[in-house]
Amino acid sequence: MHHANHYYGHSHVLARYCGLDDTDPPRLHGYLQHGWNIGDGLAPDHEYTPGVPSFLWSERTRRRAWSLGRRQGYVVGAPFAYLLAMDPLSDSDQREGTIWYPFHGWEGQHVVGDHDALMAEIRRTEDGPVTVCLYWQEYRSAKLVRQYESAGFRVICHGYRGGWWKDLDPGFLYRQLAELRKHKRVASNRLCSAIFYGALAGCEPAVYGDPMHLENEKAAFGGHPRILREWASLHGPHPDPVAAARAAVDELGADRLLPPAELRRLLGWPMPSSVPDAELTGVLTR
Amino acid sequence: MIQLIGGEMTVWSDLDGTHGPAPAGDPTLRPLLAGATGRVLVAGPHAPELLDAIPSDQVTLLVRGIPDAEALASRPGVTVCCGSLEKLTGLPAYDTVIALDGLDRLRSAEADDASWDETLTQLLALLSPQGRLLLRLENLFGLDRLVALPPAPADTEWVTPDDETRPTGPDAMRARLAAAGVPVVRDYAAYPGALLGGAVLADPALRGFLEATLVAAAEPAHLITGALRHNLADDLAPAWIFLAGPGATGPEALIAAGEVRRDAGGRWVRGDDRPVPLGRTLEGLLLAACGRRAQPELRELLTAWQRSPAAGVPAAQVLVDADGRFHPLAPAGAAVEALRRLAATMVDGGYAYLWPSPADEASLTALLAGMTGRELDPRDVPTVSRSGRETVRELTIARDRLAGELAEARAQHEFYERQIASRDHELKRVRQLNAVLSATAPGKAAHTLVRGVRAVVRRTRG
């Protein structure tokens, strides 16, 4: 229905959860929220077709969308939460150091800010090894990668987001989860999806440092200042991890995940060829 | 024996229900008639099965139509008076007068007009000073009438049975009968299949049980549940029934399963001494969860229900007690039918907007099944007969929903058209590119290679 449904391998994760071929997920009948946001759940330039539902991460987002006139919202939770439900955390996860996500722009956007100053602040704050995860655009800049590496950071990239059904990267979320599970802390200079993902994946979150800004950044739905006001308790080098984990559960809808049968029905997906629970119910004859 | 008392109607039956409503015949009334003693007058049309409950052998029946009189005359020990009420005078007074059809069908088409109060006076004149009166009063503002279209007048309504002297509620009726020296000892809110006394209606713990009991036989369900919640179930009852005059006060309530009363310990019990389950109906809880958008709670309740022995019992007939235990009040059918009934209630109740469209009954049933983890194709959902009347309300809801779905389908159609156009364009571009590439030397080489590989594959398969 919309190319953004396949960003970060989101539809691939949901297809696996639904028992379907996750190498080639079926068309998803609706718009899938693809990142944490403070608006109606979808991108500010999203074009809606009447009657096409939005599958949102959290009840809070749904209420906000409803208040903005977007009535066709249905809370399904974030694909990342489904991934974690399929590969739950374990006590044997070896965690060390911090994974740091510098604020990045998306395709065609550029971040303006002082990376050197940011690196210095990270060094001052973090006492363990630091992995810096760059968006693919920044990762392609050998200069920037060198800059971070020479500061003693390990530099990684989770992969392409994909777009317009090209460069799809079904492994994106898997790589992200694997990295998060290796770290004790997750940090960024802006509150973003990665911080909530990290908090849900058992990391202590932190948001500090120059938030930088995008060229021609538009403050939709109150922008960064509103994030600072509304989610103040998640900011700082050491926010309360328990409260942060609770916020992550809320914002990612991790307590509202759907059973596969319901999710398949909503997304307009077929039943897998073998569904044990279908046979148990006796409802189906085939 | 038939006595033609005057005013009788030669071609008329109140018993066959073709000229007006069916005669009084709700089986829940039987225990009231079983208390009739002495000389008994049954005034107005009453179903023969009800008459069977009267233990007395001195029964006089007053009917208007000769065919009805003839049908009843064969009953042993019964005197049938055929004609109009005002002609029934000069007889020794009766110990019990039963008028459970009300006062509107006691006077024939031949009689002069009389007000409701005059008719009551004539009836009371037939009752002995220490006699018992069982009387029904139709509520002209009953909840069954609130959403109904004005009915076409029936044959029996040669005049509309309404005038200013008719009591408008139980208080006025009690005052009128007390003034006549026949004080009311018990009155009931009369719903189809249930007679509810004041103590039963006043106990909030019984609300769920009463909801389930009433919606099983009466409608519209949303008004019944609303009236119970807002303590209006007596004021908005379709009718009231009064027990007046000295004697036993009668049961607290009567339902299809028998009497509802308090036992020695103060618990509400049913006729067979089984305690009345207390709690809310599952349907009420589900709809409340819908309103709060508490999807996890909705999934939890639906799943617990569908995994319980009550899975096939309609949600409106399942009580959930304080410990979360389910108490079915109706026999179980197929689980998927119970889900479909719930879907119908949600669609009719205007809850369909909670799910992505199309949220018709079958699709919603499949989705509700999905919420319990069960795979169900909408095409496999059986149709179930609609339990209630379709009122203008339901039709309007359905029309608005379908109009909305049509508008959305058109918009989506346009979207898909644009998508196809852009994909066509893309396809054309790729084909052109392909043609150009095939004409180049590497393109030709690749083509030859592919042909060679295909040939090998064919040979290997062969």
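**Exercise 1.** Is the crossing of α8(B) and α9(B) right-handed or left-handed?

Solution. This is a predicted model, in which local features need pLDDT of at least 70, side-chain atom pairs count only at pLDDT 80 or more, and totals for chains, interfaces and linings use all residues. Residues are numbered from 1 along each chain as its sequence is written, and chains are lettered from A and ligands numbered from 1 in the order in which they are written.

Step 1. The axes (lines fitted to C-alpha atoms, for helices over the stretch in contact, with angles from 0 to 180 degrees between N-to-C directions) of the two helices come within 10 Å and cross at roughly 155°.

Step 2. α8(B) is therefore roughly antiparallel to α9(B), a term for angles over 145 degrees.

Step 3. The crossing of α8(B) and α9(B) is right-handed: the near helix is turned clockwise from the far one by less than a right angle.

**Exercise 2.** Which residues of α8(B) make the contact with α9(B)?

Solution. Residues are in contact if their C-beta atoms, placed from the backbone, lie within 7 Å. On α8(B) they are B:Arg207, B:Leu210, B:Glu211, B:Leu214 and B:Val215.

**Exercise 3.** How many residues of domain 1 of chain B are in contact with domain 2 of chain B?

Solution. Step 1. Domain 1 covers 2-270 and domain 2 covers 280-383, with bounds from an automatic or database domain assignment.

Step 1. Nine residues of domain 1 of chain B touch nine of domain 2 of chain B.

Step 2. On the domain 1 side, α8(B) gives the largest share, six residues.

Note on methods:
Contact = placed C-beta atoms within 7 Å. Helix = DSSP H or I, 4+ residues; strand = E, 2+ residues; numbered from the N terminus. Parallel < 35°, antiparallel > 145°, perpendicular 65-115°, else oblique.
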